[in-house]
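Hi,

Here is the structure I promised to pass on.

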Amino acid sequence: MPELPEVETVVRGLRRSVLGKTVTDIVEHRPGTVRSSYTDAEHGAITAVSRRGKYILIMTSKRRKFIIHLRMTGKLIYTDDRNSTSSHCRAAVIFADNSALIFDDVRTFGSIRIIPEESLSPQIEALGPEPLSRRFTADYLKEQAQQRKIAIKTLLLDQRVIAGLGNIYAIEILHASGIDPRQRADTLNEARFAAIVSNTKTILKKAIRLNGTTISDFRRIDEKSGSFQEFLAVYQKKTCRCGNPVEKTTISGRSTYFCAVCQR
Ligand SMILES: [Zn+2]
């Protein structure tokens with residue numbers, strides 16, 4: 001599932017490929033993929049592309065806002081030819097110059113929502129701070145932990161607490177911080193919250209620089225792969241750098257990898 005670095009990579013690709021282009025039509029191949037507040041598909045020219053958590057936000061000259069969530073397997077593929085398609089094409093945004101942005105999604109959980117720019121979206125309003133922002137501090141994380149008696153890994157995956165982390169990065173951040181993912185978040189001391197915050201920022205920045213992690217379905221907008229997977233320490237690994245076998249468990253329904261020697 002694309003997480004913050006992968007979505008950020010897609011956003012940067014979109015800025016290069018579709019910024020300034022005028023939307024003339026949206027072709028929906030699977031009903032329900034696009035939910036628009038408008039009856040027409042002439043949404044105007046794309047004026048800005050940004051990210052909030054794992055959401056992609058596209059603004060247009062007609063003051064309309066596209067909110068795109070890739071969920072498990074969604075991909076955006078830019079093509080010069082509006083007639084080209086992809087193996088799991090669910091919708092295509094067509095531009096005036098006959099290029100297109102294909103929304104490809106094997107599992108079909110992804111969506112494109114189009115609403116007025118000024119409208120608030122409940123999912124986005126509910127998101128916690130961006131991990132790379134100044135709002136994400138050790139004090140903030142500690143305060144959030146004290147309100148919830150849950151495992152630290154579950155806390156890191158809660159989008160209301162931090163926006164954009166998913167399973168892979170939460171696992172890697174906890175390994176880098178030397179913390180057992182099963183440990184109750186409210187029992188950690190200040191130094192450990194500081195380590196989590198610092199490692200979160202370092203790991204996400206490095207992953208963005210490397211265009212994210214390519215495990216299965218995530219691809220950059222130009223179909224090239226990211227390369228952060230070369231730096232994964234425990235996710236889907238058999239052996240930790242320390243030589244100890246990596247353990248696999250399930251926390252809140254998600255596969256979790258950790259090293260019982262390095263993470264205590
Ligand atoms: Zn280890």
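Arg-63 and Glu-117 form a salt bridge in which the closest N and O atoms are 3.4 Å apart (a salt bridge being a side-chain nitrogen of Lys or Arg within 4 Å of a carboxyl oxygen of Asp or Glu). Arg-63 sits in the loop between strand E4 (55-60) and strand E5 (64-69), and Glu-117 in the loop between strand E9 (111-116) and helix H2 (122-125), so the pair ties together parts that are 54 residues apart in sequence. Helices (H or I, at least four residues) and strands (E, at least two) are DSSP runs, numbered from the N terminus. Glu-117 is partly exposed at 25% relative accessibility (buried is under 20% relative accessible area, exposed over 50%, partly exposed in between, with a 1.4 Å probe and protein chains only).

Before going on, please note that this is a predicted model: local features need pLDDT of at least 70, side-chain atom pairs count only at pLDDT 80 or more, and totals for chains, interfaces and linings use all residues. Residues are numbered from 1 along each chain as its sequence is written, and side-chain values use heavy atoms, with hydrogens and water left out.

Arg-63 also turns up among the contacts of Tyr-38, which include His-43, Ile-114 and Pro-116 (contact means heavy atoms within 4.5 Å). Tyr-38 lies in the loop between strand E2 (34-36) and strand E3 (44-52), and its C-alpha atom is 8.8 Å from that of Pro-116, 78 residues away along the chain.

The salt-bridge count comes to 13. One of them joins Lys-142 and Glu-190 at 2.8 Å, N to O. Lys-142 is in helix H3 (residues 138-147) and Glu-190 in helix H6, so parts 48 residues apart in sequence are tied together.

Now the domains, whose bounds come from an automatic or database domain assignment: domain 1 is 4-125 and domain 2 is 138-258. Between them they bury about 1,600 Å², 66% of it on carbon and sulfur atoms (buried area is the accessible area, 1.4 Å probe, that two parts lose on being put together, summed over both). Across this interface the rule finds 0 salt bridges.

Finally, which residues hold the zinc ion? Its protein donors are Cys-240, Cys-242, Cys-259 and Cys-262, each through SG, at 2.2 to 2.4 Å (donors are N, O and S atoms within 2.8 Å of the metal, or 3.2 Å for Na, K and Ca; water is not among the atoms, so sites may look incomplete). Their spacing in sequence is C-x1-C-x16-C-x2-C.

Best wishes

Methods
Lists of a residue's contacts leave out its neighbours within four places in sequence.
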